[in-house]
Amino acid sequence: MGRRSSMAEHTGPDPGDDPFYQTIEVDTQVTGTDSTYEDELSSCTKSVTSIRDYRQEHGRRYHSYHDGRYLLPNDEAEAQRLDMMHEMMLFMMGQRLFLAPIADNPQQVLDLGTGTGIWALDFADRYPNAEVTGTDLSPIQPSYGPPNVHFIVDDMEDEWAFPEQQKFDFIHARFLALGIKDFPKLLTECFNNTIPGGWVEFQDWDLNMYSQDGSTTGTSIEQYYNIGIRAYEKTGHVVSPGPHLEQWFHEAGFTEIHVQKYLLPMGPWPKEEHLKSLGMWNLLQASTGFEASALAVLTRYENWTPADVVHLAEKAKLDARDRNIHALFDFYVVYGRRPL
Ligand SMILES: C[S@@+](CC[C@H](N)C(=O)[O-])C[C@H]1O[C@@H](n2cnc3c(N)ncnc32)[C@H](O)[C@@H]1O
C-alpha cells in the first residue's frame, strides 16, 4: 500500500477507505527525451452459414448471429487484441486463470463470451479431465485444440438451454463490459446452472478512467471515455460492471463471495516494474481498442462519421502514450459459490 498523496488532484472515484487503494508512483527518472520514451514503447510492440455471414462496416467485421447485440468487431485485429488482453490478465494475476478455490478435478466448465477461446483453451490444457464449453455470438475460435474443449454459438442474454444433467462446477466470464445489458439476470442464470458447491467467477472492468495526480483532466483520453461511456449507456450496455459484481453475486444467491480489485495503469508510466509492464500491456491492447470500442456505437447510434471516430481514437491513443498522462483503471475479479 502506498501513501495517499496528491488527493486534491485525484480524479475518478474517491478512494475513501478503499482497502485496495494504492498510490502509484510515477517514473520521473529522466531516461532521455520523449523519443527514448517512444523507443521504449515501440520495442514492446512486437455449422451454420448465416452465423458466418458477418456484418462488414467501415472496414471492420461484426458478428451476425443476433446482429447488433454486441458492438465491438470480431475480426482478426480484434482477435489479436483479445489474445493480448489474455496475456495482460495472466501477467496481472500471477499466471493464474482464475482466483476461485475450485476443486482439483473440475468436471464441467463454462466460459461465457469466450471470444477467441483463449481462456477456455488454456483451462482445458491445464485440466485435461475437465469438459470445457465456450460460448459466444461469434464462431471465431480455432477448430484445433485440446479434445476436452468445444465451442458453441449462443447468446448468453437469452434463456439458457443447457440440459438438466449438464450443470457446471465452474462458470467463468471475462471482459463482458460494453457487451451485456442485464448482469443480474445473467448471474441468476449462472446460479441456476451451477451445481451446489460450484463456483462462478467474473473478471471485469470499471471503465471510468481516472488519474491519481489530475494528469488526465482536460485531455483527449478523458474526452474519449466520456463520449464512449455516454453512448454505451444510451444503448443500455453496462459499461463498468466491476464495482457492482459483488452486489449482483449476493442478489443471485451466491455465498463465500470474494472481491479482488487490481489497479490497471495505461502506459508504462508507473515506476514499479510490475505496474510498468502491466501498463505497457494495457497500452498495446488499447492501440486498436480505442477504435474498436467506439466505431459502431458512435456511427450507428450517435451519427458520427467513421473519420471523426478514428480521429477521436487517434487523439486518445496519443494521450495514452504521453508520459505525462497517467491514466488508470480499476479491474475486479469476483467469485462466489452456489451453496451446498
Ligand atoms: C471483450 S470480448 C472477451 C472475450 C473473452 N471473454 C476473453 O476474455 O478473451 C467479449 C466477448 O463477449 C461476446 N459477447 C458479447 N455479448 C454476448 C452475448 N450476449 N452472448 C454471447 N457472447 C457475447 C462477444 O462476442 C465477445 O467475443
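1. The shell around the ligand draws at least two residues from each of α2 (76-92), α3 (118-126) and β4 (131-136). Helices (H or I, at least four residues) and strands (E, at least two) are DSSP runs, numbered from the N terminus. This is a predicted model, in which local features need pLDDT of at least 70, side-chain atom pairs count only at pLDDT 80 or more, and totals for chains, interfaces and linings use all residues. Residues are numbered from 1 along each chain as its sequence is written.

2. G113, G115, R174, F175 and G179 come nearest among the 21 residues around the ligand. A residue is near a molecule if its C-beta atom, placed from the backbone, lies within 6 Å of it. The shell has eight nonpolar, eight polar and five charged residues. Ala, Val, Leu, Ile, Met, Phe, Trp, Tyr, Cys and Pro count as nonpolar, Asp, Glu, Lys and Arg as charged, and the others, Gly among them, as polar.

3. α2 also packs against helix α7 (residues 273-301), at about 155 degrees and with the axes 9 Å apart. Axes are lines fitted to C-alpha atoms, for helices over the stretch in contact, and angles run from 0 to 180 degrees between N-to-C directions. α2 is therefore roughly antiparallel to α7, a term for angles over 145 degrees.

4. E164 sits in the loop between β5 (149-153) and β6 (168-174). E164 is exposed because 6 other C-beta atoms lie within 10 Å; the cut-off for exposed is 12 or fewer, with C-beta atoms placed from the backbone.

Conventions. A residue is buried if 20 or more other C-beta atoms lie within 10 Å of its own, exposed if 12 or fewer, and partly exposed in between; C-beta atoms are placed from the backbone. Angles under 35 degrees count as roughly parallel, over 145 as roughly antiparallel, 65 to 115 as roughly perpendicular and the rest as oblique.
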